[in-house]
Structures are given as structure tokens and as C-alpha cells.
Amino acid sequence: MTVVITKPTLNLAFFDQRPLETFTAAAADVDTWFVGGHSLGGVRACQLAEDPAVTGLVLFGSYCANDLSGSALEVLSLAGSDDGLSTPDKVADARVRLPADATMIEIDGANHASFGDYGVQPGDGSATISSDEARSEITRDLVELLG
């Protein structure tokens with residue numbers, strides 16, 4: 001599996017308006033593309049998912065601001081029960097913008113920072129599972145989606 005990790009403009013994915021082909025050009029032999037991101041990176045991934053070259057979308061403690069409900073995308077949304085930023089209520093409220101068959105998983109005990117490796121973030125809840133436990137659940141769910 002090929003993974004392309006972007007270095008976003010101003011270190012905030014939401015402000016990076018480069019088109020998908022900027023990133024897919026780095027792996028021209030890949031013909032099936034999933035996009036994904038954490039927090040505002042997920043919001044940006046939702047925008048990139050509108051490109052016809054995209055097959056699927058993975059959200060990590062995030063949700064879409066744009067409407068993808070009519071798309072044929074494979075979607076996996078991973079949320080944390082203790083996320084104080086992309087709260088379970090915000091993820092649930094944005095569910096209508098995803099395809100009806102999107103897979104929605106809430107990881108019990110995960111907070112917003114459980115989907116990254118950057119430490120405590122103001123406004124976040126307190127994780128009640130370890131980083132290793134969260135990563136194990138995230139990995140399991142990704143493997144189930146991507147094979």
C-alpha cells in the first residue's frame with residue numbers, strides 16, 4: 001500500500017488548496033485512491049474526495065463541511081467518545097453529509113488527540129484508553145476497510 005502524506009500550506013491542511021493531482025502525481029502507478037485526515041485535515045480530505053479519482057474517504061476525529069451524501073465513496077469515520085473538539089454530537093450532526101452506507105465507528109475512551117501524536121490540545125476531553133489501545137483499534141478498522 002502506498003501512503004502519501006502532505007505537508008500542508010501554513011501547517012494547516014484546511015488552508016492547503018492544492019488539487020488532488022498534486023499528491024497523486026507522487027505515485028502515478030496507484031489507481032485506487034482514498035483520502036483522509038484528522039480534524040481540519042479531515043475537512044480538507046472531504047473536499048478532495050469530490051475529485052472523481054477518489055474511491056474512498058477516512059475521517060479521524062473529523063467530519064465533512066461539504067455534502068458527499070450522493071457520492072459512491074467508501075467512507076470510514078472514526079470518532080472518539082471523549083473527543084472534546086470533534087465531539088460525538090458534531091460527528092452525528094454531520095452524518096447527513098456522508099453516503100448512507102458510510103461506516104461510523106466511535107472508539108470508546110478515545111479523545112481528539114488519540115488520532116494524532118501531538119499531546120494535549122486545549123478544549124479536548126480526557127482519553128480513558130491508552131494511545132496504544134487507540135492505535136490498535138484505529139489500525140484494526142483501517143485494515144478492515146483497506147484489506
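**Helices, sheet and pocket**

Modeller: Start with helix α2, residues 40-48, which lies across β1 and β2 (54-60). Its direction is at about 155° to β1. Axes are lines fitted to C-alpha atoms, for helices over the stretch in contact, and angles run from 0 to 180 degrees between N-to-C directions. Helices (H or I, at least four residues) and strands (E, at least two) are DSSP runs, numbered from the N terminus.

Biologist: What kind of model is this, and how are residues numbered?

Modeller: The model is predicted: local features need pLDDT of at least 70, side-chain atom pairs count only at pLDDT 80 or more, and totals for chains, interfaces and linings use all residues. Residues are numbered from 1 along each chain as its sequence is written, and side-chain values use heavy atoms, with hydrogens and water left out.

Biologist: Which helix packs on the sheet, touching β1, β2, β3 and β4?

Modeller: Helix α4, residues 131-146. Its direction makes about 170° with that of β3. Touching means contact, with heavy atoms within 4.5 Å.

Biologist: And the sheet, what order are the strands in?

Modeller: β1-β2-β3-β4, an open sheet of four strands with parallel pairing. β1 (33-38) and β4 (103-107) are at the edges with a single partner strand each, so one side of each has no neighbour in the sheet. Neighbouring strands are turned by 15° against each other on average, direction ignored. Two strands pair if DSSP finds at least two bridges between them.

Biologist: How many bridges join β3 to β4?

Modeller: Five, with β3 covering residues 74-80. Leu78 has Ile105 in β4 as its bridge partner.

Biologist: Switching to Asp141. Buried or exposed?

Modeller: Buried, at 5% relative accessible area. The cut-offs are under 20% for buried, over 50% for exposed and partly exposed in between (1.4 Å probe, protein chains only). Asp141 is in helix α4.

Biologist: What does Asp141 touch?

Modeller: Leu76, Leu78, Ile105 and Ile107, leaving out residues up to four places away in sequence.

Biologist: New topic. Which element gives the most to the lining of the largest pocket?

Modeller: β1, with six residues. β1, α2, β2 and α4 each supply at least two.

Biologist: How do the lining residues divide by type?

Modeller: Into 24 nonpolar, 10 polar and four charged. Ala, Val, Leu, Ile, Met, Phe, Trp, Tyr, Cys and Pro count as nonpolar, Asp, Glu, Lys and Arg as charged, and the others, Gly among them, as polar.
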